[in-house]
Amino acid sequence: MPPKKRQRKEKGSAEPAPKRTKTSKSTGTEDQPVYTHWLMKSEPESRIEGGVDVKFGIEDLKKEENQISCWDGVRNYQARNFMKQMKIGQLAFFYHSNCKVPGIVGIIKIVKESYPDHTQFDKKDIHYDPKSKKDDPRWHMVDVQFVRMLKRYIPLSELKEIHHKHKDSGGPLKSLALFTRARLSVQPITKEEWDFIMSLENKKQ
DNA sequence: GCCAACGTTGGC
DNA sequence: GCCAACGTTGGC
């Protein structure tokens, strides 16, 4: 018999498989979980990359018109694929990364579903992708809107401590993507993880 | 299609 | 600023 067909869990990485959309026989077998909550990372502190400041913290989002911004510049296939799954009205944690005290700072919601990221076609943009074609854009983004700040900042260190405990006890944060897929800038959050993290908001640390 | 080299992310 | 982890690229 032929070799096992790989059982690609749900990585969605490197874009090698040219899409199995209309070829696959059993169309309905989306064995990937359907996520309804997300976590999105952004840097709240100034850092110059290619002559441009990449800083975009939650305070910067609040200053945007209607407190809405597009989430451009994502150049990772897994992260892009998660953005493609996002639906209007879904909630995400706004996470501050690459800063003194990384952690979850607030809540945002999806207000526009995935559409082509214009920066991939802009030669002057650091996220310019010469291999992306106008009629077949490689990179997509969503629009998000500020919802509210968390009642208290939930630092990564606290989540990590809980994650470690839950790995032993089987608690809700046992496989939180922040630790199992640390480098992903757009991550899925299960309902159980969301609810648990939300419950931390009211506990004093 | 393997895998070494390279580049990037992001915690510390 | 260091560097581990890991995604991406390209030679073979």
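The legends below describe close-up views of a predicted model. Local features are given where pLDDT is at least 70 and side-chain atom pairs only at pLDDT 80 or more, while totals for chains, interfaces and linings use all residues. Residues are numbered from 1 along each chain as its sequence is written, chains are lettered from A and ligands numbered from 1 in the order in which they are written, and side-chain values use heavy atoms, with hydrogens and water left out.

**View 1. Surroundings of DNA strand B.** The residues around DNA strand B are Lys41, Tyr95, Ser97, Asn98, Pro102, Leu156, Lys160, Ala182, Arg183, Leu184 and Ser185, a residue being near the strand if one of its heavy atoms lies within 4 Å of it. Of the atoms of DNA strand B that come within 4 Å of the protein, 74% belong to sugar and phosphate. By class, the surface near DNA strand B comprises five nonpolar, three polar and three charged residues, where Ala, Val, Leu, Ile, Met, Phe, Trp, Tyr, Cys and Pro count as nonpolar, Asp, Glu, Lys and Arg as charged, and the others, Gly among them, as polar.

View 2. Helix α2 spans residues 77-85, and seven of its nine residues are buried, that is, under 20% relative accessible area, with exposed meaning over 50% and partly exposed in between (1.4 Å probe, protein chains only). Helices (H or I, at least four residues) and strands (E, at least two) are DSSP runs numbered from the N terminus. Tyr77, Gln78, Ala79, Arg80, Asn81, Phe82 and Met83 are the buried residues of α2, and they pack against β1 (37-42), β6 (103-116), β7 (140-155) and β8 (186-189), contact meaning heavy atoms within 4.5 Å. At the start of α2, a side-chain oxygen of Asn76 comes within 3.0 Å of the backbone nitrogen of Gln78.

**View 3. Asp143 in strand β7.** Asp143 belongs to strand β7 and counts as buried because its relative accessibility is 13%. Its side chain makes a polar contact of 2.5 Å with the side chain of Tyr115 (a pair of N or O atoms within 3.5 Å; within protein, one must be able to donate a hydrogen and the other to accept it, and residues adjacent in sequence count only if both atoms are side-chain atoms). Although Asp143 and Trp71 are 72 residues apart in sequence, their C-alpha atoms are 5.9 Å apart in space.

View 4. Lys63 and Asp60 both lie in helix α1 (residues 58-63), three residues apart; Asp60 is buried at 14% relative accessibility, whereas Lys63 is exposed at 65%. Glu201 and Arg148 form a salt bridge at 2.5 Å, N to O, linking the segment after α5 with strand β7 across 53 residues.

How values were computed: Salt bridge = Lys/Arg side-chain N within 4 Å of Asp/Glu carboxyl O.
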